[in-house]
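Thank you all for coming; I would like to walk you through one structure this morning, taking my time over each part.

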There are 2 protein chains.
Amino acid sequence: MDKRILILGGNGFIGSHLTEALAATGARVRVLDRFGSLRADPVHGVDYRYADFVDIAAVAESLADIDLVIHLISTTVPGTANLDPVGDIEGNLTGTVRLLQQMRDAGVSRLLFLSSGGTVYGNTRTVPIPEDHRLNPLSSYGIVKVAIEHYIAMFGALFGFRPLVLRVSNPYGPRQSHLGVQGVISTFFQRILDGDPIRIWGDGAAVRDYLYVSDLVSFIVEAVRHDLTGTFNIGSGHGASVNDILTVVSEVTGTAPVVQYLPARGFDVKNVVLDIAKARNALHWVPQVSLHTGCERYWHWLNRSPR
Amino acid sequence: MDKRILILGGNGFIGSHLTEALAATGARVRVLDRFGSLRADPVHGVDYRYADFVDIAAVAESLADIDLVIHLISTTVPGTANLDPVGDIEGNLTGTVRLLQQMRDAGVSRLLFLSSGGTVYGNTRTVPIPEDHRLNPLSSYGIVKVAIEHYIAMFGALFGFRPLVLRVSNPYGPRQSHLGVQGVISTFFQRILDGDPIRIWGDGAAVRDYLYVSDLVSFIVEAVRHDLTGTFNIGSGHGASVNDILTVVSEVTGTAPVVQYLPARGFDVKNVVLDIAKARNALHWVPQVSLHTGCERYWHWLNRSPR
């Protein structure tokens with residue numbers, strides 16, 4: 001497609017997959033990231049730039065001749081943002097509001113922002129959760145995502161921005177960090193590979209909506225192609241408990257993991273399964289990769305990746 | 001009452017009335033503010049301290065031996081916060097999260113926070129608006145208030161805070177600033193006193209819920225007395241359009257104001273009337289001062305106050 005796209009955080013877990021997929025469509029892709037990817041090779045023809053996204057001059061230069069900004073940067077993760085909420089606000093919220101101001105000044109009105117389907121709704125009695133459900137985040141990570149969504153809507157109303165906000169559930173897949181902070185699936189597999197016991201906060205009954213990264217990327221590519229705007233839940237539409245994940249991980253690896261159950265954390269949401277009907281209807285998009293298949297692919301990648 | 005209360009912003013418009021009222025109950029009141037009040041005399045027996053509330057050392061000293069913090073500080077107003085959203089975030093949101101952390105560290109768990117009934121809900125079709133209505137702020141001022149409410153709830157869940165959040169409608173009354181940014185009523189009266197034309201953004205049909213300051217203060221005093229917790233709308237429960245205010249102002253002053261109608265601002269909410277049933281039921285509280293009587297009192301005060 002004939003679009004000029006800036007991907008902020010294009011060397012991260014999701015970003016590296018998306019950079020490959022968008023470049024493959026013929027789009028002209030520029031990546032702004034702090035570092036190169038440790039897990040993916042650079043993509044031929046992509047314009048890589050290295051800077052922090054709070055570097056105003058670097059962002060201004062990166063916005064030149066851009067049609068669409070895809071904002072994937074988060075300086076925190078759900079499990080740790082509460083430890084430093086001021087840092088969470090300063091890094092993510094202030095940084096994103098400055099980005100919106102710079103986009104306005106540069107005349108770039110198209111923005112795709114990755115919000116968090118797993119944290120913005122908080123604990124709900126509604127399963128699955130539709131997009132118009134009230135937002136009641138319990139963690140700093142979710143609070144900041146909600147505030148960013150509100151600022152994006154405000155810039156839309158005041159300055160004609162045409163934003164697309166994706167409330168993504170728990171994405172997983174190759175290249176995801178396995179440092180114990182970014183996702184249950186990658187962490188479980190890594191600990192099995194290392195021969196370490198698996199730690200579970202709470203009783204393992206907490207239900208999440210796990211989405212394989214290629215299904216997320218396929219939605220984004222079609223959304224960019226069709227200039228989609230609005231707010232969409234992006235998930236598998238199916239729930240899996242932590243104990244379900246444990247079962248799949250056990251099947252895929254052929255091991256019986258040793259599990260340590262730890263006290264539940266107050267800021268963890270209990271159950272999240274997203275209603276993805278709006279996304280399905282907008283782009284005839286259907287997630288393709290089952291949890292079992294996705295886990296097999298992750299395990300395969302993990303065993304081939306450098307340690 | 002036998003309570004030790006810290007009022008942040010105790011020399012402001014609402015704060016000065018509240019300081020007088022709480023001191024009169026026998027509570028031990030400490031005020032932290034940047035400046036003394038230009039419009040009220042110091043209250044005998046109150047411990048006045050002067051510092052910015054982002055001054056961590058000054059806040060820490062002020063929290064010593066305190067049972068309850070009443071947080072009235074806002075570094076911005078609804079009409080101007082959009083001009084500098086980063087400053088709004090840094091001043092109000094980051095400042096308040098730091099305050100919450102300091103309260104946690106000092107073992108002070110009781111907090112009363114003044115949120116904004118006029119901006120947190122955004123444009124709604126529901127009249128009057130109950131507290132469980134979804135939050136959809138359109139301005140930076142409202143976005144930051146919502147984020148602060150979320151952080152207060154998070155500190156409540158994680159650290160046992162017992163907060164009271166008051167979503168106050170448009171308060172007005174003596175000592176309110178008449179610089180054209182803090183309220184329609186004070187601004188209209190001041191411009192008539194100065195012989196200036198009155199400016200209205202939009203067609204004057206926008207409906208607000210105006211609450212006389214003594215009615216707000218009487219609710220807060222009873223809430224403090226009863227250790228009330230939760231989230232409450234505090235308003236008159238009645239709507240008045242800007243044009244209604246113009247009529248009352250004309251009656252009270254005995255003049256026919258000259259009006260300039262200016263283009264509507266995109267971030268102004270169209271109609272806000274708060275459902276105050278929850279507040280009524282919690283404390284048998286009923287607003288006492290009608291719009292006409294409140295405006296008479298304001299006009300009387302304005303004509304006697306130093307220019």
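This is a predicted model: local features need pLDDT of at least 70, side-chain atom pairs count only at pLDDT 80 or more; totals for chains, interfaces and linings use all residues.

**Strands, helices and the contact between the chains**

Let me start in chain B, where strand E6, residues 162-168, is joined to E11(B) by 5 bridges, the two strands running parallel. To give you one pair to look for, Val165(B) has Thr231(B) as its bridge partner in E11(B).

Two packed helices are described by the angle between their axes and the distance between the axes. For helix H5 (residues 184-194) and helix H7 (residues 242-253) of chain B, that angle is about 45 degrees and the axes are 10 Å apart, which makes H5(B) oblique to H7(B). Their crossing is right-handed. From H5(B) the contact takes Val184(B), Ile185(B), Phe188(B), Phe189(B) and Ile192(B), and from H7(B) it takes Val242(B), Ile245(B), Leu246(B), Val249(B) and Thr253(B). By class, this contact of H5(B) with H7(B) has 9 nonpolar residues, 1 polar and no charged.

In chain A, H3(A) and H4(A) pack at an angle of about 15 degrees, with their axes 10 Å apart, and they are therefore roughly parallel to each other. The crossing of H3(A) and H4(A) is again right-handed. Among the residues that make this contact are Ile89(A), Leu93(A) and Val97(A) of H3(A), together with Val144(A), Ile148(A) and Tyr151(A) of H4(A). The contact of H3(A) with H4(A) divides into 13 nonpolar, 3 polar and 2 charged residues.

How many residues does each chain bring to the contact between the chains? Chain A gives 23 residues and chain B gives 23 residues. On the side of chain A that touches chain B, the elements giving two or more residues are helix H3 (85-106) and helix H4 (140-159) of chain A, and H4(A) supplies the largest share, 9 residues. That side of chain A is made up of 15 nonpolar, 5 polar and 3 charged residues.

As for how the copies are arranged, chain A can be laid on chain B with an RMSD of 0.0 Å by a turn of 180 degrees and a shift of 0.0 Å along the axis, and that is the relation of a two-fold axis. Of the residues of chain A, Arg134(A) comes closest to this rotation axis, its C-alpha lying at 2.7 Å. Because 100% of the interface residues of chain A are also interface residues in chain B, the copies meet through the same surface.

I will finish with some backbone details. Most residues other than glycine have a negative phi, and most peptide bonds are trans. The peptide bond from Val127(A) to Pro128(A), however, is cis, with omega near -10 degrees, and Pro128(A) is placed in the loop between strand E5 (110-116) and H4 of chain A. In chain B, the bond from Val127(B) to Pro128(B) is likewise cis, with omega near -10 degrees. Lastly, Arg175(B), although not a glycine, has a positive phi of about 80 degrees, and this residue lies in the loop between strand E7 (170-172) and H5 of chain B.

Technical notes:
Residues are numbered from 1 along each chain as its sequence is written. Chains are lettered from A and ligands numbered from 1 in the order in which they are written. Two residues are in contact if their C-beta atoms, placed from the backbone, lie within 7 Å. Helices (H or I, at least four residues) and strands (E, at least two) are DSSP runs, numbered from the N terminus. Ala, Val, Leu, Ile, Met, Phe, Trp, Tyr, Cys and Pro count as nonpolar, Asp, Glu, Lys and Arg as charged, and the others, Gly among them, as polar. Copies are superposed by least squares on the C-alpha atoms of residues with pLDDT of at least 70 in both. Two strands pair if DSSP finds at least two bridges between them. Axes are lines fitted to C-alpha atoms, for helices over the stretch in contact, and angles run from 0 to 180 degrees between N-to-C directions. Angles under 35 degrees count as roughly parallel, over 145 as roughly antiparallel, 65 to 115 as roughly perpendicular and the rest as oblique. A crossing is left-handed if the near helix is turned anticlockwise from the far one by less than a right angle, and right-handed if clockwise.
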